[in-house]
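Biologist: Could you take me through this one and say what stands behind each label?

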Amino acid sequence: MSLAAILTRGHQGLQAPLVTVEVHICNGLPQFSLVGLPEAAVRESRDRVRSALLHAGFEFPAQRITVNLAPAELPKHGGGLDLPIALGILIASGQISGQLLAGVECMGELSLGGAICAVSGLLPMVMAAVRDDHAVIVPGANLDEAAMVPGARIISATHLLEVTAHLARKSLLSTHSVSLGMRAVIPAGLPDFQDVHGHYQIKRALEIAAAGQHNVLMEGPPGTGKSMLARRIQSILPPLDEAEALEVAAIASLAGQLPCADVWRRPPFRAPHHTASMGAVVGGGHPVVPGEISLAHGGVLFLDELPEFGRTVLESLREPLETGSISLARVSSKIEFPARFQLIAAMNPCPCGYAGEGDQCRCTILQIQRYRGRLSGPLLDRFDMFIHVSRQSDPLALEVEPSSDTSVDIAGRVDAARALALKRSGCPNAWMTMKDMRTCCILDSSARGLLEQAAHVWSLSHRACHRLLRLARTIADLAASETVMQNHIAEAMIYRKPLL
């Protein structure tokens with residue numbers, strides 16, 4: 001009778017709780033029992049492990065094998081438990097020694113031939129292992145992903161025989177301790193604002209939005225450049241710092257969409273189609289995976305044709321826009337994902353898209369009201385800026401405007417304004433708390449009077465009034481002004497006036 005225990009990790013959102021794989025082998029009729037809330041992919045590991053051990057030249061014990069995945073109340077899923085189960089069987093049966101596995105966690109899926117395959121969601125597990133001061137054995141295909149975590153002690157292997165040779169001290173695997181560090185600035189290749197002709201006020205509005213991480217709703221007829229403008233905002237966003245980039249990469253890892261190492265500090269830009277389901281946007285499934293709003297964390301969520309999204313999808317955005325996170329409650333657990341994104345949305349003024357364009361519009365007043373009524377008041381209240389995008393006078397302008405700012409020029413101003421906000425309150429202006437606003441949004445008497453007048457004339461809610469003040473604070477930062485002046489409030493009012 002023998003017992004072995006191998007450390008690994010499970011999945012629970014961005015949390016990766018420690019899992020101990022306990023293997024007990026004793027005399028009795030040959031049987032393989034797997035307990036501890038294993039999901040379907042984990043239950044199937046018994047067949048993969050048996051085939052992998054036999055093909056690697058080891059003996060699969062013809063005895064009673066019991067594998068316990070502790071803690072028992074945590075659901076286990078995925079193929080990453082194959083490697084620790086196989087090593088546990090080899091140690092418990094006395095075929096290899098487990099002395100070198102003290103303080104080491106193992107993750108990896110086994111092929112039938114014994115190759116160690118990549119697993120999804122590895123990055124949060126490595127981050128948790130580093131917090132517990134553990135080394136990790138990972139698939140060779142996941143080495144670059146694991147190397148993103150600063151201070152990680154990584155042992156990579158591509159086959160079960162490499163791990164067993166390492167544990168037998170016949171061929172020790174090297175330990176990697178690599179970090180991507182502070183990568184370079186946003187790489188070239190993104191669409192540039194210099195390619196946009198005209199739309200000077202829209203460019204100014206998006207510059208303000210990028211500096212303060214403000215939510216924007218653009219309205220205009222088809223073909224006026226709403227989507228083109230929105231997709232260029234990524235080129236002027238400040239790069240993520242290392243901690244933010246690591247969190248964004250961990251979310252992408254859970255969804256199996258890890259970004260390339262060369263662009264891992266680039267803020268994400270997500271643009272789901274308007275037919276996307278609520279589960280795809282907010283997250284869900286079994287096991288629970290992050291949705292588009294979490295994959296856009298730290299970056300931009302662009303919703304084109306906003307009224308065409310389902311009503312439940314749009315209303316589900318309200319709480320994340322306010323709190324910066326999404327809680328997915330299930331019968332067995334409650335999982336929370338970060339969702340602090342900047343919402344950029346675009347819409348037509350009516351179903352045919354040509355309201356206000358003379359005789360081109362074919363919609364009745366009732367159709368227009370029904371179309372605009374798809375957006376609720378509480379959702380619209382969470383937008384900071386409302387922008388009308390009109391047609392340009394020169395539709396065939398193909399040459400580059402010599403006086404137009406490039407994205408690099410705009411990004412420099414955005415970086416400077418964002419740095420002022422971070423130094424003052426530790427967050428972009430759009431996410432300032434009431435406590436921060438009392439100390440950071442200092443108004444002179446004329447600015448206060450204009451703000452009170454705007455709140456009264458437009459019947460602004462407290463939330464809308466505070467968003468107007470945060471917007472004015474960003475405009476003041478772009479002007480390097482410590483005080484919010486009357487002209488800053490006036491410009492904020494231009495962008496804040498509702499379109500609907």
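Biologist: What is the average pLDDT of the chain?

Modeller: It averages 89, and 94% of the residues score at least 70; pLDDT is the predictor's confidence in each residue, from 0 to 100. By element, strand β15 (residues 300–303) is highest at 97, while strand β10 (residues 175–176) is lowest at a mean of 75. Residues 181–186 have a pLDDT below 50, yet this stretch makes 15 contacts in the model beyond near neighbours in sequence; a contact means heavy atoms within 4.5 Å. Where pLDDT is low, the predicted coordinates should not be read in detail.

Biologist: Why are α7 and α19 called roughly perpendicular?

Modeller: The axes of α7 (residues 200–212) and α19 (residues 462–478) cross at roughly 100° and come within 9 Å. Axes are lines fitted to C-alpha atoms, for helices over the stretch in contact, with angles from 0 to 180 degrees between N-to-C directions. Under 35 degrees counts as roughly parallel, over 145 as roughly antiparallel, 65 to 115 as roughly perpendicular and the rest as oblique. α7 and α19 are therefore roughly perpendicular. Arg204, Glu207, Ile208, Ala211 and Gly212 of α7 meet Leu471, Thr474, Ile475 and Leu478 of α19.

Biologist: And why are α4 and α9 called oblique?

Modeller: Helix α4 (residues 122–131) and α9 have axes that cross at roughly 130° and come within 7 Å, so the pair is oblique. Leu122, Leu123, Pro124 and Met127 of α4 touch Leu246, Ala249, Ala250, Ser253 and Leu254 of α9. That contact has eight nonpolar residues, one polar and no charged. Nonpolar covers Ala, Val, Leu, Ile, Met, Phe, Trp, Tyr, Cys and Pro; charged is Asp, Glu, Lys and Arg; the others, Gly among them, are polar.

Biologist: What makes a space a pocket and not a cavity?

Modeller: On a 1 Å grid over the protein atoms alone, a cavity is a set of points where a 1.4 Å probe fits but cannot get out, whereas a pocket is an open set with protein on both sides within 12 Å along at least five of seven lines; lining residues have an atom within 4 Å of a point. The largest pocket holds about 540 Å³, a volume being the space filled by probe spheres set on the points, which are joined across faces, edges and corners.

Biologist: Which residues lie nearest the centre of the largest pocket?

Modeller: Of its 34 lining residues, His11, Gln12, His77, Pro287 and Val288 do. The lining splits into 14 nonpolar, 15 polar and five charged.

Biologist: How do you know which peptide bonds are cis, and what is omega for histidine 286 to proline 287?

Modeller: For histidine 286 to proline 287 omega is near 0°, and the bond is cis. Proline 287 sits in the loop between β13 (283–284) and β14. Another cis bond joins alanine 70 and proline 71, with omega about 5°.

Definitions and conventions: Residues are numbered from 1 along each chain as its sequence is written. This is a predicted model: local features need pLDDT of at least 70, side-chain atom pairs count only at pLDDT 80 or more; totals for chains, interfaces and linings use all residues. Side-chain values use heavy atoms; hydrogens and water are left out. Helices (H or I, at least four residues) and strands (E, at least two) are DSSP runs, numbered from the N terminus.
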